[in-house]
Amino acid sequence: MPDYDGRGLQPTTAGDVALWIPRILLSPVYLVTEWLIRRPLGALISAAERADLPETIYNFFAFGPDHKAGIVPIAFVDFGFNPSIGVYAFWDDAFFKGNDARLHVSFWPSAWFGASALERIRFHGKDSFQVKVVVVRRPDQVFYGTGPGSLESSQSRYGEDKLDIGGLFDFPLWRSSKIDAGPGFRSVTFRDGHYGHDPGIIEKSASGAFPLPDGFARGYTAEYNDILVALDSRRAYPAEGSGVRVELQGEQGSDIRQSPGSGWIHYAAGAGGFWDLDGYRRVLSLSAAAIFADPLGERPVPFTELVTVGGDIATPGGFRAPMPGFFPGRLIDRSAAVATLRYKWPIGPWVAGSIQGAVGNVFGRHLDDFDTKLLRLSAAVGIESDSSPDSSFELMFGLGTETFEHGAQVDSLRFLVGLSRF
């Protein structure tokens with residue numbers, strides 16, 4: 001570059017030299033994202049702009065005086081589960097200024113249906129209140145038994161019908177810190193499931209692989225109350241991403257279907273450090289979390305309300321589900337402990353790549369049976385959109401292993417791609 005100010009080049013620092021270590025280690029990932037994703041994506045965007053395609057497509061799916069409303073087709077595939085297709089609709093300032101509405105509808109012919117409707121009211125400043133209704137009916141949820149040593153060979157399927165209605169007050173604080181709190185209502189019933197050649201949960205339980213889980217036969221109807229308190233020193237996008245986050249989460253639920261009543265309490269604590277390597281949102285982070293579920297009363301916690309660390313759906317806080325190399329529901333028990341190392345970098349407009357590795361597992365009551373021999377590994381690499389929390393694009397490949405005690409052999413593979421999930 002021309003030396004306009006006459007001061008010469010910036011001196012090489014120790015950080016510049018040290019940066020070559022992760023560059024070399026991550027070079028395979030860089031080659032894939034640079035030459036198979038970013039450059040083709042950049043060429044596609046440039047060609048589309050020359051043909052005025054972005055404006056044409058935007059005008060087709062969005063409408064209204066300021067394009068504050070629109071309808072977009074969506075699809076999602078998580079291999080090992082039924083796929084889905086549907087629509088996503090949005091309307092900002094619906095009926096009055098500061099009122100935003102969202103609607104998702106997805107389905108698949110194999111008894112699969114999901115829908116969610118959200119209305120968010122934005123007050124003065126950044127405070128908001130939202131009401132969200134979620135209805136899901138699907139036959140292909142997975143269950144492997146509970147405990148840190150559950151086996152991949154125990155995979156079974158169960159059906160789930162769920163209605164969830166929740167309100168949430170969001171109070172943003174300093175930088176990315178916030179407090180979220182709100183009540184909700186959740187009703188869930190279960191049945192024997194199916195997917196491909198996998199056995200149903202009743203058949204697998206009858207074979208002796210595991211006992212039928214608590215709550216399966218009766219289902220539950222719960223009133224619950226959520227709270228999240230997060231202290232986060234990071235600034236909002238697109239500022240550089242260095243900082244520290246500490247968060248506490250809690251949920252109290254009461255099963256009003258049972259007499260006498262029973263309930264449970266969920267609580268979790270997490271902390272993470274984030275280092276932006278060059279000030280352009282190339283962020284290396286290390287986080288750790290401990291999660292617990294305890295019964296309130298004599299009845300045990302329903303199995304879908306126990307702690308799980310599989311899957312990749314974001315939690316109510318700022319840390320994603322910590323072991324995405326495993327299916328949702330692959331690991332279930334009363335508590336969990338996980339540490340995650342993650343690197344995230346921009347690869348295109350509103351799109352970021354990520355690679356992560358995690359070590360952890362689920363355990364019994366209050367981590368009573370914690371043992372390093374029972375830990376598992378999870379790794380994942382993927383692409384995600386970096387824009388709206390209401391609708392996002394994901395592409396991810398992940399893997400999970402057996403426990404260290406059994407050689408940490410890879411026994412779980414995941415691949416998913418799509419826009420907007422349930």
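How much accessible surface does the protein chain have, and what share of it belongs to carbon and sulfur atoms? The accessible surface comes to about 21900 Å², and 65% of it belongs to carbon and sulfur atoms. Accessible areas were computed by the Shrake-Rupley method with a 1.4 Å probe, and for residues only the protein chains shown count as cover.

The model is predicted, so local features need pLDDT of at least 70 and side-chain atom pairs count only at pLDDT 80 or more, while totals for chains, interfaces and linings use all residues. Residues are numbered from 1 along each chain as its sequence is written, and side-chain values use heavy atoms, with hydrogens and water left out.

The overall dimensions were computed next. The C-alpha atoms of the protein chain fill a box of roughly 80 × 55 × 45 Å along the principal axes. The radius of gyration of the protein chain is 23 Å. A compact globule with 422 residues would have a value near 22 Å, which agrees. This radius is taken over C-alpha atoms, and the globule rule is 2.2 Å times the number of residues to the power 0.38.

The secondary structure comprises five helices and 19 strands. Helices (H or I, at least four residues) and strands (E, at least two) are DSSP runs numbered from the N terminus. Of the 422 residues in the protein chain, 42% are buried. Buried means under 20% relative accessible area, exposed over 50%, and partly exposed in between (1.4 Å probe, protein chains only). Among contacts with a separation of 6 or more, 59% join residues 24 or more positions apart. A contact requires heavy atoms within 4.5 Å.

The protein chain carries 39 positive and 49 negative side chains. The centres of the two sets lie 2 Å apart. Lys and Arg count as positive and Asp and Glu as negative; His and the chain ends are not counted. Each charge is placed at NZ of Lys, CZ of Arg, CG of Asp or CD of Glu.

The largest nonpolar core has 14 residues. A nonpolar core is a set of buried Ala, Val, Leu, Ile, Met, Phe, Trp, Tyr and Cys residues joined through side-chain atoms within 4.5 Å. Phe143, Tyr158, Phe190, Ile201, Phe216, Tyr220 and Phe303 touch the most other members. Strand S8 (178-192) and strand S9 (220-232) are the elements that give two or more residues to this core. A second, separate core has ten residues, including Met323, Ala336, Ala358 and Val362.

Beyond its neighbours within four places in sequence, Phe143 is in contact with Ser154, Gln155, Ser156, Tyr158, Ile201, Phe210, Pro213, Phe303 and Ile332. Phe303 lies in the loop between strand S12 (283-296) and strand S13 (307-308). Phe303 counts as buried because its relative accessibility is 2%. Residues up to four places away aside, Phe303 touches Phe143, Tyr158, Phe190, Pro213, Asp214, Phe216 and Ile332. Phe303 and Pro213 are 90 residues apart in sequence, with C-alpha atoms 6.0 Å apart.

Gly219 is found in the loop between helix H5 (201-206) and S9. Its relative accessible area is 1%, so Gly219 is buried. Not counting residues up to four places away in sequence, Gly219 touches Val188, Thr189, Phe190, Asp255, Arg257 and Gln258. Ala51, 168 residues from Gly219 along the chain, is 54 Å away between C-alpha atoms.

Two strand residues follow. Phe274 is found in strand S11 (residues 262-276). With a relative accessible area of 15%, Phe274 is buried. Phe274 and Val244 are 30 residues apart in sequence and 6.0 Å apart, C-alpha to C-alpha. Val87 is found in strand S3. Val87 counts as partly exposed because its relative accessibility is 36%. Its contacts, neighbours within four places aside, are Ile71, Val72, Pro73, Ile74, Leu103, His104 and Val105.

Phe95 sits in the loop between strand S3 (84-91) and strand S4 (99-108). At 72% relative accessibility, Phe95 counts as exposed. The loop of His366 runs between strand S16 (351-363) and strand S17 (376-385). His366 is partly exposed, with a relative accessible area of 33%.
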